[in-house]
Amino acid sequence: MLKKISKIPFKDTPEKAAKLEEAIRESAGDKSMLMHVMQQAQEIYGYLPFEVQQKIADGMGVPLEKVYGVATFYAQFALSPKGEFAISVCLGTACYVKGAQEILDELSAQLGIGPEECSADGRFSLTACRCIGACGLAPVMTVNDDVYGKITAADVKGILDKYIN
């Protein structure tokens with residue numbers, strides 16, 4: 001049995017539901033179009049919540065486990081919503097050996113969420129990623145398009161304060 005990933009309740013709208021139904025209807029009967037439908041669903045919702053995965057599975061005639069397997073295999077798919085401020089911590093080798101895990105742990109403690117989660121108010125989401133290509137600035141974290149390099153866990157509160165206020 002698959003479980004819901006996000007702690008934030010899924011909120012659908014009639015407009016989004018209609019778009020998803022149309023995307024499914026256009027590809028129904030052709031299981032090779034599963035990824036395409038999933039990509040369209042992610043464009044519509046911003047992520048693939050359990051409820052959307054279930055609609056895709058039912059509409060495409062594939063097991064829910066297949067949809068979930070594709071969603072978790074490919075990095076392009078998100079299972080939880082992204083916050084207004086999407087925080088990503090690089091856990092690539094250079095960042096990791098310079099303390100990125102401690103930064104991730106501190107962010108998690110201060111925000112009250114774990115990796116791949118979104119705060120209940122929808123303001124912050126947290127992701128652990130692999131190399132972002134800024135090894136010279138290790139350890140690195142991003143908040144939306146802002147890059148913070150050569151930081152420590154002690155810097156986290158000051159960085160978060162910029163976005164909290």
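Reader: Where is the place of Leu137?

Author: Leu137 lies in the loop between β3 and β4. Helices (H or I, at least four residues) and strands (E, at least two) are DSSP runs, numbered from the N terminus. This is a predicted model, in which local features need pLDDT of at least 70 and side-chain atom pairs count only at pLDDT 80 or more, while totals for chains, interfaces and linings use all residues. Residues are numbered from 1 along each chain as its sequence is written, and side-chain values use heavy atoms, with hydrogens and water left out.

Reader: Is Leu137 buried, partly exposed or exposed, that is, which of these words applies?

Author: Buried means under 20% relative accessible area, exposed over 50%, and partly exposed in between (1.4 Å probe, protein chains only). Leu137 has 38% relative accessibility, so it counts as partly exposed.

Reader: Which residues does Leu137 touch, not counting residues up to four places away in sequence?

Author: A contact means heavy atoms within 4.5 Å. By that rule, Leu137 touches Gly149 and Lys150. Leu137 and Tyr148 are 11 residues apart in sequence, and their C-alpha atoms are 8.1 Å apart in space.

Reader: Which residues does a cis peptide bond join?

Author: Most residues other than glycine have a negative phi, and most peptide bonds are trans. Here a cis peptide bond joins Ala138 and Pro139, with omega about -10 degrees. Pro139 is in the loop between β3 and β4.

Reader: What is the phi of Asn144, and what is that of Lys150?

Author: Asn144 is not a glycine, yet its phi is positive, at about 55 degrees. Asn144 sits in the loop between β4 and β5 (146-149) and is partly exposed, with a relative accessible area of 37%. Lys150 is not a glycine either, and has a positive phi of about 55 degrees. Lys150 belongs to the loop between β5 and α7; with a relative accessible area of 58%, Lys150 is exposed.

Reader: How many residues has the largest nonpolar core?

Author: In soluble globular proteins, nonpolar side chains tend to be buried together. A nonpolar core is a set of buried Ala, Val, Leu, Ile, Met, Phe, Trp, Tyr and Cys residues joined through side-chain atoms within 4.5 Å. The largest one has 26 residues, and those with the most contacts inside it are Ile87, Val89, Leu107, Met141 and Val143. At least two residues of this core come from each of β1 (85-90), α6 (100-111), β3 (124-129), β4 (140-143) and α7 (156-164). The most, 5 residues, are given by α6.

Reader: What does Val143 touch, not counting residues up to four places away in sequence?

Author: Val143 touches Phe85, Ala86, Ile87, Tyr148, Ile159 and Tyr163. There is also a second, separate core of 21 residues, which includes Leu20, Ala41, Ala57 and Leu79.

Reader: How many aromatic pairs does the structure hold?

Author: A pair of aromatic rings is described by the distance of the centres and the angle of the planes. Rings of Phe, Tyr and Trp (its six-membered ring) pair if their centres lie within 6.5 Å; planes under 30 degrees apart count as stacked, over 60 as edge-to-face and the rest as tilted. The structure holds 4 such pairs. In Phe73 and Tyr74, the ring centres are 4.9 Å apart and the planes stand at 85 degrees, so this pair is edge-to-face. Phe73 is exposed, with a relative accessible area of 63%, whereas Tyr74 is partly exposed at 34%. Phe85, Phe124 and Tyr163 form one aromatic cluster.
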